[in-house]
Amino acid sequence: MRPNIHPAYPTSKVHCACGATWETRSTAGDLHLDICSNCHPFFTGKQKLIDTQGRIDRFQKKYANAPKGPSKKKAAKAAAAEKKAAPKPEKKAEKKPKAEKRS
């Protein structure tokens, strides 16, 4: 390694919002985390919804009374698309005699 080009790599403490702390090495100094492997739902197996701005409530209120099936507009579009996609009867083409090859 070249001397005097690498940053300092001291030990630093990591603090999580759940209260867990541990030591590691970092160039950034002490770290303060919102979520860690001790409290993250993926690692704990428990689901915990973190909704600080009420997004989930707004979504549920917005779609609570929504119809379950497709809307009338979508149903009308689907019916029109089916009409266009229906196969049309084909006209029989007249066969032309093949030209004879001359040798």
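Here is a short exchange on a predicted model and the terms used for it.

Reader: What elements does the protein have, and in what order do they run?

Author: The protein has three helices and three strands. From the N terminus on, the elements run β-β-β-α-α-α.

Reader: What makes the three strands an open sheet with edges?

Author: The three strands are ordered 2-1-3, with mixed pairing. Strand 2 (21-25) and strand 3 (31-33) each have a single partner strand, so one side of each is left without a neighbour in the sheet. That puts strand 2 and strand 3 at the edges. From one strand to the next, the twist averages 25°.

Reader: How do you know that strand 1 and strand 2 pair?

Author: Pairing takes at least two bridges between the strands. Strand 1 and strand 2 have five bridges, in the antiparallel sense. Therefore they count as paired. Thr11 has Arg25 of strand 2 as its bridge partner. Val14 stands opposite Trp22 in strand 2.

Reader: Why is Ser12 called buried?

Author: The cut-off for buried is under 20% relative accessible area. Ser12 has 3%, so Ser12 is buried. Ser12 belongs to strand 1 (residues 11-16).

Reader: Which residues does Ser12 touch, leaving out those up to four places away in sequence?

Author: Ser12 touches Trp22, Glu23, Thr24, Arg25, Ser26, Gly29 and Asp30.

Reader: What makes the approach of Ser12 to Gly29 close enough for the polar cut-off?

Author: A polar atom of the Ser12 side chain lies 3.2 Å from the backbone oxygen of Gly29. The cut-off is within 3.5 Å, so the distance passes.

Reader: How do you know that Cys16 and Cys36 form no disulfide?

Author: A disulfide is a covalent bond between the sulfur atoms of two cysteines. The rule asks for sulfur atoms within 2.5 Å. The count by that rule is zero disulfides. For Cys16, the nearest cysteine sulfur is that of Cys36, 3.4 Å away. For Cys36, the nearest is in turn that of Cys16.

Reader: Where do His15 and His32 lie, and how far apart are their C-alpha atoms?

Author: His15 is in strand 1, and His32 is in strand 3. They are 17 residues apart along the chain, with 4.8 Å between their C-alpha atoms. Leaving aside neighbours within four places in sequence, His15 is in contact with Ala20, Thr21, Leu31, His32 and Leu33. His32 and Ala17 are 15 residues apart in sequence, and their C-alpha atoms are 7.6 Å apart.

Reader: What makes Phe59 and Tyr63 an aromatic pair, and why is the pair called tilted?

Author: The ring centres must lie within 6.5 Å. Those of Phe59 and Tyr63 are 4.9 Å apart, so the rings pair. The planes make an angle of 50°. Stacked needs under 30 degrees and edge-to-face over 60, so this pair is tilted. The structure holds one aromatic pair.

Reader: How accessible are the two partners, Phe59 and Tyr63?

Author: Phe59 is at 53%, over the 50% limit, so Phe59 counts as exposed. Tyr63 is at 45% and counts as partly exposed.

Reader: How many of the residues of the protein count as buried?

Author: Of the 103 residues, 8% count as buried. Among contacts with a separation of 6 or more, 0% come from residues 24 or more positions apart.

Technical notes: Residues are numbered from 1 along each chain as its sequence is written. This is a predicted model: local features need pLDDT of at least 70, side-chain atom pairs count only at pLDDT 80 or more; totals for chains, interfaces and linings use all residues. Side-chain values use heavy atoms; hydrogens and water are left out. Helices (H or I, at least four residues) and strands (E, at least two) are DSSP runs, numbered from the N terminus. Buried means under 20% relative accessible area, exposed over 50%, partly exposed in between (1.4 Å probe, protein chains only). A polar contact is a pair of N or O atoms within 3.5 Å; within protein, one must be able to donate a hydrogen and the other to accept it, and residues adjacent in sequence count only if both atoms are side-chain atoms. Contact means heavy atoms within 4.5 Å. Rings of Phe, Tyr and Trp (its six-membered ring) pair if their centres lie within 6.5 Å; planes under 30 degrees apart count as stacked, over 60 as edge-to-face and the rest as tilted. Axes are lines fitted to C-alpha atoms, for helices over the stretch in contact, and angles run from 0 to 180 degrees between N-to-C directions.
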